[in-house]
Amino acid sequence: MKAYSKSQLAQAAGVSMRTFSRWLKSDNEQLALFGIKPSNRLLPPVAVAYLVKKYDIDLPDSR
């Protein structure tokens, strides 16, 4: 897994940035444990893995 921007994950999930932001808002506590602030644009691999699993996002190069 690699780092992705929020917009890349939203596109991979097939949702708008507004919808994706709402999803992230519901996960603020968990993302804070990863050291991520709501203003972060780039999400580290550990957060990407969490979001991909939770929202069943199919990344083109996920392994």
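This is a predicted model: local features need pLDDT of at least 70, side-chain atom pairs count only at pLDDT 80 or more; totals for chains, interfaces and linings use all residues.

Biologist: Why is D27 called buried?

Modeller: The relative accessible area of D27 is 3%. Buried means under 20%, and D27 therefore counts as buried.

Biologist: What makes K54 partly exposed?

Modeller: K54 has a relative accessibility of 43%. The class called partly exposed lies between the limit for buried, under 20%, and the limit for exposed, over 50%. K54 therefore counts as partly exposed.

Biologist: Why are the side chains of D27 and K54 said to meet in a salt bridge?

Modeller: The N to O distance between the side chains of D27 and K54 is 2.5 Å. The criterion asks for a Lys or Arg side-chain nitrogen within 4 Å of a carboxyl oxygen of Asp or Glu, so the pair qualifies. In general, side chains of opposite charge can pair when their charged atoms come close. The structure holds one salt bridge.

Biologist: What makes this pair a link between distant parts of the chain?

Modeller: D27 sits in the loop between α2 and α3, whereas K54 belongs to helix α4, and the two are 27 residues apart.

Biologist: How do you know that M17 is partly exposed, and where does this residue lie?

Modeller: M17 lies in helix α2. The relative accessibility of M17 is 36%, between the 20% and 50% limits, and M17 therefore counts as partly exposed.

Biologist: Which residues does M17 contact, leaving aside its neighbours within four places in sequence?

Modeller: With those neighbours set aside, M17 is in contact with K6, S7 and A10. Between M17 and S7, ten residues apart in sequence, the C-alpha to C-alpha distance is 6.3 Å.

Biologist: Which members of the largest nonpolar core touch the most other members?

Modeller: They are L9, F20, L43, V48, L51 and L59, from a core of 15 residues. Two or more residues come from each of α1, α2 and α4, and α4 gives the most, with five. Leaving aside neighbours within four places in sequence, V48 has contacts that include L9, L43 and L59.

Biologist: What lines the largest pocket, and how are the lining residues classed?

Modeller: The largest pocket, with a volume of about 160 Å³, is lined by K6, S21, L24, K25, N28, L31, A32, I36, K37 and P38. Both α2 and α3 give two or more residues to this lining. By class, the lining has five nonpolar, two polar and three charged residues.

Terms used. Residues are numbered from 1 along each chain as its sequence is written. Side-chain values use heavy atoms; hydrogens and water are left out. On a 1 Å grid over the protein atoms alone, a cavity is a set of points where a 1.4 Å probe fits but cannot get out, and a pocket is an open set with protein on both sides within 12 Å along at least five of seven lines; lining residues have an atom within 4 Å of a point. Grid points are joined across faces, edges and corners, and a volume is the space filled by probe spheres set on the points. Helices (H or I, at least four residues) and strands (E, at least two) are DSSP runs, numbered from the N terminus. Ala, Val, Leu, Ile, Met, Phe, Trp, Tyr, Cys and Pro count as nonpolar, Asp, Glu, Lys and Arg as charged, and the others, Gly among them, as polar. Buried means under 20% relative accessible area, exposed over 50%, partly exposed in between (1.4 Å probe, protein chains only). Contact means heavy atoms within 4.5 Å. A nonpolar core is a set of buried Ala, Val, Leu, Ile, Met, Phe, Trp, Tyr and Cys residues joined through side-chain atoms within 4.5 Å.
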